[in-house]
Amino acid sequence: MHPLCNSVTVLFLLHREPQRRHRETQRKKAYMKLKDLCSYLDSEVPLSFQESYDNSGLQVGKADTEINSALITLDVTEEVIDEAIKNNCNLVVSHNPLIFGGIKKISDSSLVGRIIYKCIDHGIAVYSAHTNLDIFQNS
């Protein structure tokens, strides 16, 4: 059994086709910036819909990052981040937030800390749509 199946992970990879040469010129692909994607997601599934205890939205990442491909999952685990690295995805969109409760420290001695470090080291952003998506779907 695939190791990611244990966490009921759904993978959806959005890869851009390689750039093509056309008469000695190379066209540059226009990638969406993370801040624009976050703004779009917020317009479709507003963060204002989330419950007061929730932490939906951008969890890890730099706003000016150009997104080239995304991995969509239920939970953010080390295995999911490894899959994102393997498939050159620089965005993970999850249902359940990576950072849910208060964090007192970020170190490699905790699971969340290791995931955050791995994301930063590999330039991977994490965005979560949790109760805002649940409420939106039920309305």
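**Exercise 1. State how many helices and strands the chain has, and in what order they run.**

Solution. The chain holds four helices and eight strands, where helices (H or I, at least four residues) and strands (E, at least two) are DSSP runs numbered from the N terminus. Read from the N terminus, the order is β-β-β-α-β-β-β-α-β-α-β-α. The model is predicted: local features need pLDDT of at least 70, side-chain atom pairs count only at pLDDT 80 or more, and totals for chains, interfaces and linings use all residues. Residues are numbered from 1 along each chain as its sequence is written, and side-chain values use heavy atoms, with hydrogens and water left out.

**Exercise 2. Decide whether serine 56 is buried or exposed, and list what surrounds it.**

Solution. Step one, location: serine 56 sits in the loop between helix H1 (34-44) and strand S4 (57-60). Step two, accessibility: its relative accessible area is 8%. Buried means under 20%, exposed over 50%, and partly exposed in between (1.4 Å probe, protein chains only). Serine 56 is therefore buried. Step three, contacts (heavy atoms within 4.5 Å): apart from neighbours within four places in sequence, serine 56 touches Leu47, Gln50, Ser128, Ala129, His130, Thr131 and Asn132.

**Exercise 3. Classify isoleucine 99 and find its distance to glutamine 59.**

Solution. Isoleucine 99 belongs to the loop between strand S7 (91-94) and helix H3 (111-121). Its relative accessibility is 16%, so isoleucine 99 counts as buried. Glutamine 59 is 40 residues away in sequence, with a C-alpha to C-alpha distance of 6.6 Å. Beyond neighbours within four places in sequence, isoleucine 99 is in contact with Asn55, Gln59 and Ile116.

**Exercise 4. Explain why the buried residues of H2 line one face of the helix, and name the elements they pack against.**

Solution. First, the buried residues in helix H2 (residues 78-86) are Val80, Ile81, Glu83 and Ala84. Next, seen down the axis, the buried residues of H2 fall within an arc of 155°, so they line one face; the arc is that of the directions from the helix axis to the C-beta atoms. Finally, the buried residues of H2 pack against strand S6 (70-73), S7 and H3.

**Exercise 5. Give the share of the chain that is buried, and the share of its contacts that join residues at least 24 apart.**

Solution. Of the 139 residues, 35% count as buried. Among contacts between residues at least 6 apart in sequence, 70% join residues at least 24 apart.
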